[in-house]
Amino acid sequence: MNRNAYLEGGTAGLCGRSGGRKGFTLMEVMISAVLFAVIMLGAFGALKRGSDLVELSRDETRVTQILQSRLEDLRRENWAALIARPTTETFTPASKFVAAFGNKYTCTQTISSRATDQKEVVLVVSWAKGGVTYSREYRTWITKGGLSDYYYRSS
Amino acid sequence: MITTIGLRNRSRGGIALRAGYTLVELLIAMGIGGIFLTGAMTSVNMLARSSVSVGHYANMNASSRRALEIFASDVRMAADVVTSTSTNLVFEAYDDTNTLVTVSYAYDASADEVYRTYDGTTSTILTEVDDFSLGYYDLTGASTTNSLSVKEVEIDASLIRTVLSLENTNEIISSRFMMRNRKVSS
């Protein structure tokens with residue numbers, strides 16, 4: 001505001017003295033300044049939106065890896081260990097994620113019965129960004145003696 | 001001030017001279033103009049840099065997704081691990097005709113690149129890699145350095161791009177991909 005007042009005084013003085021039309025009038029300068037500001041605001045707005053989308057995409061990349069990792073962990077277990085798990089539990093991502101991103105991602109796992117000797121596993125990872133909560137989920141069926149048993153351990 | 005007075009005097013003296021700008025007026029105008037130009041230049045510069053950065057981030061994210069996808073599908077077909085160091089992984093994997101082929105992943109710290117060799121064909125899978133390490137886990141999920149007991153593999157890498165003096169980095173942490181076709185004892 002101070003700068004504008006300064007400009008106004010200076011320009012008015014110039015115009016008054018020269019009488020004729022020389023250089024830019026105050027109006028022209030102000031219009032061009034406003035125009036420039038609007039363009040810049042638009043450009044920065046677009047940039048902000050763009051970088052937010054890229055950030056979301058980066059989060060999604062990480063989250064898919066967290067979900068995949070958990071799924072591999074579950075599939076490493078045998079049937080007895082899987083059914084012994086509680087219906088709903090929270091889990092922490094692999095240590096490297098925690099080291100790099102702290103507890104940014106909240107991970108929940110739900111196991112429900114789908115059929116005899118078949119469980120449905122739902123993994124949800126959610127995170128907050130700019131006041132919005134995002135979440136992504138993986139859903140799979142694990143069957144006793146099915147393809148999911150990559151390696152069967154008795155213990 | 002002397003200039004100003006001189007100019008005014010001349011103008012008043014009947015000669016049809018139009019009054020110019022006084023030195024003070026010029027200085028003020030230049031000062032204001034300078035401030036505005038600096039502001040405008042800074043914004044445009046910042047905008048340009050940030051746009052390039054966003055492009056870098058999108059690009060790094062895309063190439064990491066691609067690399068992770070390829071790595072995951074290779075590792076899932078692994079039948080045996082030959083070498084397992086933090087920057088080099090060599091394993092035998094089944095190809096689409098159920099034949100064992102040698103697959104390797106290696107980090108070249110001087111070239112800042114990660115190479116994948118599949119059945120004798122080498123390609124660059126990640127470029128401008130600042131840091132790269134592989135982590136190995138056994139059947140119980142515990143970290144291991146013994147090739148014989150490796151059941152899961154994890155990538156931890158950092159990509160870096162620079163725009164002028166600004167550094168854009170992208171941290172890749174993969175999931176612990178399981179070698180589904182590999183039999184290991186617990």
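**Note on the strands, hairpins and cores of chain B**

1. In the hairpin that β7(B) and β8(B) form, two residues lie between the strands, and Leu164(B) adopts a positive phi near 50 degrees. Strands here are DSSP runs of E with at least two residues, helices are runs of H or I with at least four residues, and both are numbered from the N terminus; two strands pair if DSSP finds at least two bridges between them.

2. The model is predicted, so that local features need pLDDT of at least 70 and side-chain atom pairs count only at pLDDT 80 or more, while totals for chains, interfaces and linings use all residues. Residues are numbered from 1 along each chain as its sequence is written, chains are lettered from A and ligands numbered from 1 in the order in which they are written, and side-chain values use heavy atoms, with hydrogens and water left out.

3. β7(B) has several partners. Eight bridges join β7(B) to strand β8 (residues 166-173) of chain B in the antiparallel sense, with Ile173(B) in β8(B) as the bridge partner of Asp156(B). β6(B) is likewise antiparallel to β7(B) and joined to it by eight bridges, and Ser133(B) stands opposite that Asp156(B). Strand β9 (residues 177-178) of chain B is linked to β7(B) by two bridges, again antiparallel, and there Met178(B) faces Glu152(B). β7(B) is mostly covered, since 11 of its 12 residues are buried, where buried means under 20% relative accessible area, exposed over 50% and partly exposed in between (1.4 Å probe, protein chains only).

4. A five-stranded open sheet of chain B has the order β1-β2-β3-β4-β5 with antiparallel pairing. Its edges are β1 (78-84) and β5 (121-126) of chain B, each of which has a single partner strand, so one side of each is left without a neighbour in the sheet. Neighbouring strands of this sheet are turned by 20 degrees against each other on average, direction ignored; axes are lines fitted to C-alpha atoms, for helices over the stretch in contact, and angles run from 0 to 180 degrees between N-to-C directions.

5. Within that sheet, β1(B) and β2(B) pair over five bridges, and Val81(B) stands opposite Phe91(B). Six bridges join β3(B) to β4(B), Tyr105(B) standing opposite Arg116(B); their hairpin has four residues between the strands, and Asp112(B) takes a positive phi near 55 degrees. The hairpin of β4(B) and β5(B) has two residues between the strands, and Asp119(B) in the turn has a positive phi of about 50 degrees.

6. Helix α2 (residues 23-76) of chain B lies across β1, β2, β3, β4 and β5 of chain B, and runs at about 135 degrees to β5(B); contact means heavy atoms within 4.5 Å.

7. The largest nonpolar core has 30 residues, and those with the most contacts inside it are Phe71(B), Phe91(B) and Val153(B); such a core is a set of buried Ala, Val, Leu, Ile, Met, Phe, Trp, Tyr and Cys residues joined through side-chain atoms within 4.5 Å. At least two residues of this core come from each of α2, β1, β2, β3, β5, β6 and β7 of chain B, and α2(B) gives the most, with six residues. Apart from this core lies another, of 21 residues, among them Leu67(A), Leu82(A), Ala94(A) and Tyr105(A).
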